Amino acid sequence: MDPNIKEYDVIVIGGGITGAGTARDCAMRGLKVLLLERFDYSYGATGRNHGLLHSGARYAVTDKESATECIQENMTLRKVARHCVEETDGLFITLPEDDLDYQKTFVEACQAAGIRADIIDPAEAKRLEPSVNPSLIGAVRIPDASIDPFRLTMANVYDAQLHGAEALTYHEVTDLIINQNRVEGVRALDHHTGINKEFRAKVTINACGIWGTLIAQKAGVTVNMFPARGALLIFGHRVNNMVINRCRKPANADILVPDDTVCVIGTTSDRVPMETVDDMRVTPQEVEVLLREGEKLAPALATTRILRAYAGVRPLVAADNDPSGRSISRGIVCLDHETRDGLAGFITITGGKMMTYRLMAEDATNLACKKLNVDKQCETATTPLPGSEAPEQLSKKTVAVMAAEGRHGTLTKAIAETTDVVDDALVCECEHVSVSEVNYAMDNLHVKNLVTLRRRTRVGMGTCQGELCATRAASAMCRKQEQAADVKADLASFINERWKGVQPVGWGDNMAEAQLTATIYEGLCGLNQYAGKEDLK
Amino acid sequence: MADQMQLNNISENNFEQCLKCSICTVYCPVSAVNPAYPGPKQSGPDGERYRLKDPKFFNEALKMCLNCKRCEVACPSGVNVGDIIQKARMNNPHKPKLRDMMLANTDFVGSMATMVAPITNFALGLGVSKAVLHSVMKIDKHRTFPAYASQKFETWFKKNAAADQDKYSKHVSYFHGCYVNYNFPQLGKDLVKIMNACGYGVHLLDKEKCCGTALIANGMYDQAKRQGETNMESMRSAIAKGRTVVTTSSTCTFTMRDEYTHLLEVDNHDVRDHLTLATRFLFQLLDDGKIKLAFRDDYKKRVAYHTACHMERMGWAIYSTSLLKMIPGLDLVMLESQCCGISGTYGFKRENYETSQKIGDSLFNAIAEADVEAVTTDCETCKWQIEMSTGTPVLNPISIIADALDVEKTIELNKNR
């Protein structure tokens with residue numbers, strides 16, 4: 001065998017939360033792991049949802065199994081992913097147009113699933129959450145919380161690496177190496193160098209969300225998936241400090257989540273053809289639905305500035321015994337293609353939800369361990385992720401350090417310990433990201449360009465959407481690693497990527513802000529020379 | 001889309017209308033001299049998003065803000081940057097120190113001090129007192145407290161002027177403020193002289209309390225609010241008699257017109273339009289042809305006008321300067337509008353002295369270069385700062401007008417109006 005081809009126990013395809021979690025679990029069980037991601041971590045559905053740590057209440061009435069999974073994982077993640085979770089609690093409100101009888105059904109279902117659900121007086125709900133629609137006629141308090149998917153994914157990747165795993169971003173799997181009904185590895189294209197590479201492993205795990213159906217095709221097996229697109233809107237600041245849901249059968253735009261410095265309303269739900277899953281543009285119709293329904297949860301949304309719109313695609317999986325695809329599960333689907341299709345060394349883990357990623361990872365890892373004859377128990381339910389260990393007091397307590405603590409937990413220590421005053425300067429003022437935090441991300445968190453830097457730190461995710469911070473971040477990256485020539489293209493790509501999300505909500509103050517941004521980057525920096533170039537992802 | 005949806009973006013003090021252009025930080029006098037201050041943009045609209053997430057994100061550095069409001073003047077998007085910062089401070093109150101209480105309670109301290117004015121002035125001027133204030137009270141030793149008058153303005157007015165006021169056909173009420181009452185009654189006397197010459201009777205308010213500027217700056221919001229309510233009540237009864245309420249202090253005026261609603265939630269909607277600075281009132285009367293002024297032929301003076309921060313915020317410097325320009329013998333030099341650094345009680349505090357003087361430095365140089373006999377400004381605390389730092393005497397525009405006024409001729413001109 002070619003000595004240049006590396007040999008692993010497990011290759012995990014997909015750098016979303018499921019893949020990252022699986023890579024970590026495998027590595028913690030002592031396996032030699034390679035994680036491959038075609039663009040960047042959390043590029044897909046992981047980075048395109050509410051950021052809601054469901055209590056499970058939403059599924060209690062319709063899907064008890066999912067609800068039970070949710071509440072168990074909810075309680076687990078509060079401990080092991082402490083720094084990614086904000087314990088906000090949530091409300092399920094009944095509006096005059098809703099059926100108050102449903103509240104009783106709802107509370108009973110919650111209790112049956114083991115979810116604490118307290119009926120509270122509407123007046124008490126208004127006191128707890130002043131932004132809530134004041135015309136509510138009923139309210140139930142449940143243990144919802146918000147969770148940061150970017151941080152959660154990175155913490156899993158980081159810990160996988162601490163346990164010996166290798167991880168490569170911008171490596172797209174082009175095909176699988178199949179020999180006598182056995183998957184023996186993958187071939188992947190390195191997007192940055194254009195080089196095709198080969199990696200060998202005893203087990204390959206397909207953890208690609210909706211794109212998993214395409215990977216399965218490459219392996220010659222069929223996994224029926226039904227892309228369900230969901231659009232969301234991000235508002236400029238927090239309107240609410242508790243999650244607000246509608247107490248009715250799940251429908252469009254009935255969850256409002258406070259995430260870090262913003263709040264997010266969503267989602268729509270539309271079945272879309274597989275060919276469109278890479279098209280994430282949000283339509284005016286989606287924006288209208290989100291606003292119209294969102295305003296009913298919190299009337300202030302009607303006059304609150306919207307920062308941007310985005311969409312993601314849920315990987316819904318058809319049950320194996322139902323070729324028509326009518327029986328759709330939201331539950332976890334772990335397929336052993338050896339028993340199912342006669343294809344050894346290949347596992348697909350899909351379905352589920354972001355917040356059940358750890359269970360999904362456990363299922364997939366258990367199966368991989370079985371195939372590899374490794375007998376080691378899963379420890380991810382009790383071992384904290386890096387950053388979520390017991391907090392210690394930091395000597396420096398600036399706003400930027402506290403903001404960084406919200407993102408990196410106990411790892412912030414390395415960011416806060418600065419000696420040079422320049423390191424304390426802010427790159428992103430909206431989100432309080434310091435030079436030191438950017439340096440830390442570049443050293444530790446696979447930063448390849450400005451878009452990846454954004455996912456690691458929140459640079460450019462605030463009100464200005466990159467207007468002021470993009471150049472500063474680019475300059476910090478120049479000092480550290482990049483060539484100045486590449487940085488200009490990177491900057492243009494980053495600004496374009498930000499504009500794509502602003503465009504569907506481009507009115508009022510957003511337009512004024514966008515005009516200023518365009519003037520700076522086109523007029524002043526001359527970046528329009530890069531117009532029409534493909535964006536970095 | 002549903003009616004009215006997203007037609008306006010509304011946020012408290014317009015904090016979300018910030019386009020992050022950072023021009024406020026360019027105009028911030030504190031940012032210019034103190035790199036430790038995060039600047040109005042970061043302290044205001046940027047920090048607000050984090051404070052909405054969790055009040056723990058309040059930053060002690062916000063206390064470095066002077067509340068000069070120059071950021072609000074600079075902002076092209078109408079963001080009340082200064083108000084956002086002040087509101088954040090109000091939501092994170094600290095217990096005022098004895099020093100802060102002393103500096104803030106201008107009313108109480110003033111009443112006590114005027115009773116024994118010669119002793120107070122003598123004692124405050126002593127090196128040993130300054131040393132004690134500096135070390136124990138943390139009031140900077142470089143500062144000289146404005147001298148206390150031996151007779152309060154109110155006392156003088158009641159004894160010497162009140163009885164004559166009813167003979168006029170038109171009337172104004174006068175909010176004199178603490179400075180005129182306790183430290184410098186002459187300014188009040190000057191106003192009475194001008195108004196009377198123009199045919200206006202001057203009256204005190206039923207009950208006047210300190211406007212509360214110093215209380216707000218020192219974290220004593222409840223007391224400021226109570227005093228604000230009293231002032232508004234008194235002004236309402238004056239307005240009911242058809243009187244405009246005039247003042248001779250830009251900061252008192254700004255506080256009562258704008259800070260009452262923005263910060264203290266004191267309702268002043270029915271008072272605001274009837275409360276104005278005396279120079280603005282006079283200018284508007286002149287502009288409408290309702291009064292005329294005559295000036296002495298032998299008056300000659302070269303003075304420089306300094307735009308106080310709150311005059312800049314109100315946009316009213318034009319009234320004072322236009323009025324001054326009417327005096328034939330007055331050679332008026334306009335100084336570039338910038339903060340003098342004192343900001344009320346801010347510069348009195350030992351920890352702020354250096355910043356305070358650094359901020360004022362270029363103004364002091366400009367005054368030295370202007371080669372004038374006096375500086376004129378509408379703010380009394382600017383007066384203390386400029387006099388201490390440059391040695392040039394500082395006069396209120398009203399005092400200059402009173403000095404230059406030909407009283408007999410003015411009375412004659414306004415007799416049958």
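This is a predicted model: local features need pLDDT of at least 70, side-chain atom pairs count only at pLDDT 80 or more; totals for chains, interfaces and linings use all residues.
**Ground rules.** I number residues from 1 along each chain as its sequence is written, and I letter chains from A and number ligands from 1 in the order in which they are written. Local features need pLDDT of at least 70, side-chain atom pairs count only at pLDDT 80 or more, totals for chains, interfaces and linings use all residues, and side-chain values use heavy atoms, with hydrogens and water left out.

**Entry 1, domains.** I looked up the domain bounds, which come from an automatic or database domain assignment. Chain A is split into domain 1 (6-45 + 150-224 + 322-372), domain 2 (85-147 + 226-315) and domain 3 (399-530). In chain A, the C-alpha centres of domain 2 and domain 3 are 29 Å apart. I find 12 residues of domain 2 of chain A in contact with 16 residues of domain 3 of chain A; contact means heavy atoms within 4.5 Å.

Chain B is split into domain 1 (11-91), domain 2 (153-291) and domain 3 (301-404). The C-alpha centres of domain 2 of chain B and domain 3 of chain B lie 21 Å apart. Their contact takes 27 residues from domain 2 of chain B and 24 residues from domain 3 of chain B.

Points are joined across faces, edges and corners, and a volume is the space filled by probe spheres set on them. I count 8 cavities of 30 Å³ or more. The largest cavity has a volume of about 120 Å³. It is lined by 13 residues, and the closest to its centre are A:Arg151, A:Met154, A:Ala155, A:His408 and A:Leu445.

Which elements give two or more residues to this lining? They are α6 (149-162), α11 (399-408) and α14 (450-457) of chain A. Helices here are DSSP runs (H or I, at least four residues), strands likewise (E, at least two), numbered from the N terminus. The largest share, 4 residues, comes from α6(A). By class, the lining has 7 nonpolar, 2 polar and 4 charged residues. I count Ala, Val, Leu, Ile, Met, Phe, Trp, Tyr, Cys and Pro as nonpolar, Asp, Glu, Lys and Arg as charged, and the others, Gly among them, as polar.

Where does the largest cavity lie? Domain 1 and domain 3 of chain A both give residues to the lining, so the largest cavity lies between them.

Helix α13 (residues 435-444) of chain A packs on α14(A) at about 110°, with axes 10 Å apart. Axes are lines fitted to C-alpha atoms over the stretch in contact, and angles run from 0 to 180 degrees between N-to-C directions. That makes α13(A) roughly perpendicular to α14(A) (65 to 115 degrees). A:Glu437, A:Val438 and A:Ala441 of α13(A) meet A:Leu453, A:Arg456 and A:Thr457 of α14(A).

The peptide bond from A:Gly266 to A:Thr267 is cis, with omega near -10°. A:Thr267 sits in the loop between β16 (262-266) and β17 (270-271) of chain A. A:Ala253 is not a glycine, yet has a positive phi of about 45°.

Terms used
On a 1 Å grid over the protein atoms alone, a cavity is a set of points where a 1.4 Å probe fits but cannot get out, and a pocket is an open set with protein on both sides within 12 Å along at least five of seven lines; lining residues have an atom within 4 Å of a point. Angles under 35 degrees count as roughly parallel, over 145 as roughly antiparallel, 65 to 115 as roughly perpendicular and the rest as oblique.
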